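Please keep the sequence and the coordinates in view while reading.

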Amino acid sequence: MQRKVTTASVLASLVLLCLALGPVSLGEEEEEKKPRVRAWRETGPAEERVDIVFVGDGYQRRHLTRTGKFWRDVNRYARELFEERPFSTYKKLFNVYGVFLESKNVALKGETALGCYYASPRLLRFRDAKALVRALAAAPPPDIVFVMVNTEEMGGAGTSLGEIQRRGRPLPAPTFSARDTISFQTALHELGHSFAGLGDEYVDERTAGRYPLPTEGRDLPHANLTLAAHIDVTSRETIRATAKWGRFLDLPGAKRWSWAHEGGYFRGSGVFRPFRRCRMRTVSDVFCPVCCEQIAKAIHEAAGAPWSPEEHLEKHPLRKWR
Ligand SMILES: [Zn+2]
């Protein structure tokens, strides 16, 4: 469900922007529109932290006071993020900022700063990538951007921002409706793709056609999915020996689970996943142990911190999962 801002759409935005600017120079316009930035949590220099930036779309001047709706929404969702593994464990590796970006209207009720819109029911995207890049210039260079949309309609998308690269990939910039928790949980699912390279674990045969399987004996690239040809599910021993996540079967408490569930990557059969429940399958679940580890690894990479899978697993014993 990842959606990328295409070069064509960016060019279109650029043309529209130039037309709208008329004789005013870009520099003056940028200076005039530079929004305020406020730290929700700041624990160290940007190079040594995962920098998260919340940017709001559809927040009017009245929403942007120190205690206004924008800051309350930042507070609500940042807290929610750090209540969950593995973000809770590694909270000290994060900085979090809010960029106070003013819109003329609330989202979907007229023109807004980023032009968020529903591309289809619940698929919430932003139109003006350049405006987002400009807004982000007010904050330290981000590793993750949450585009928080002030609307009463639920939805979101796993959007990335191609103009800014992080760790060799477009900057993760998922959108979500600030209306409800489930929209934010969807944004976290999308972050699993764009920040940690995880694959979808759910089944949706209508979508499967758009995502062909690898050929020539290759496996899916995601740490949480494997093709049937690459795993032997005959017994625990064969799963331990053949699964990408086989080492998890040696951990204390691993016996409670089978570690091979058929169904994933939109297909009901032919693809296996490690755990029965996971946010990459159902957005309201927590991340499974395998996905949790991948996200933790990505957090350490982004923060430039040494990574030890052993230490991670000590901090996240399997008994924490249900
Ligand atoms: Zn998972």
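## Helix α3

Helix α3 has 13 residues and reaches 18 Å from its first C-alpha to its last, close to the 18 Å expected at 1.5 Å a residue, where the expected span is 1.5 Å times one less than the number of residues. Helices (H or I, at least four residues) and strands (E, at least two) are DSSP runs, numbered from the N terminus. The model is a predicted one, in which local features need pLDDT of at least 70 and side-chain atom pairs count only at pLDDT 80 or more, while totals for chains, interfaces and linings use all residues. Residues are numbered from 1 along each chain as its sequence is written.

The buried residues of α3 are Phe70, Trp71, Asp73, Val74, Tyr77, Ala78 and Leu81. They cover an arc of only 155° around the axis, which puts them on the same side of α3; the arc is that of the directions from the helix axis to the C-beta atoms. A residue is buried if 20 or more other C-beta atoms lie within 10 Å of its own, exposed if 12 or fewer, and partly exposed in between, with C-beta atoms placed from the backbone. An α-helix has 3.6 residues a turn, so residues three or four places apart point the same way. On the other side of α3, Arg72 and Arg79 are exposed. The cover over the buried residues of α3 includes β2 (36–41), β3, β4, β7 (144–149) and α5, a contact being two C-beta atoms, placed from the backbone, within 7 Å.

## Helix α5 and the whole protein

Helix α5 (residues 181–194) has 14 residues, which at 1.5 Å a residue should span 20 Å, and its end C-alpha atoms are 20 Å apart, in agreement with that expectation. This helix is mostly covered, since eleven of its 14 residues are buried; among them are Phe184, Leu188, His189, Glu190 and Leu191.

Over the protein there are nine helices and 13 strands, and buried residues make up 39% of the 322 residues. Among contacts between residues at least 6 apart in sequence, 69% join residues at least 24 apart.

Arginine 66 is placed in the loop between β3 (50–57) and α3 (69–81), and it counts as exposed because it has 8 C-beta neighbours inside 10 Å. Its C-alpha atom is separated by 9.4 Å from that of arginine 38, 28 residues apart along the chain.

Proline 86 is found in the loop between α3 and β4 (94–100), and the peptide bond from arginine 85 to proline 86 is cis, with omega near -5°. Most residues other than glycine have a negative phi, and most peptide bonds are trans.

Three strands form an open sheet in the order β11-β13-β12, with antiparallel pairing. Its edge strands are β11 (226–227) and β12, each of which pairs on one side only. Strands pair if DSSP finds at least two bridges between them, and β12 and β13 pair in the antiparallel sense over three bridges. Histidine 261 stands opposite arginine 273 in β13.

Tyrosine 265 lies in the loop between β12 (261–264) and β13 (267–273), and phenylalanine 266 lies in the loop between β12 and β13 as well. Tyrosine 265 has a positive phi of about 50° although it is not a glycine, and phi of phenylalanine 266 is near 75°, also a positive value in a residue other than glycine. Tyrosine 265 counts as buried because it has 24 C-beta neighbours inside 10 Å, whereas phenylalanine 266, with 19 such neighbours, counts as partly exposed.
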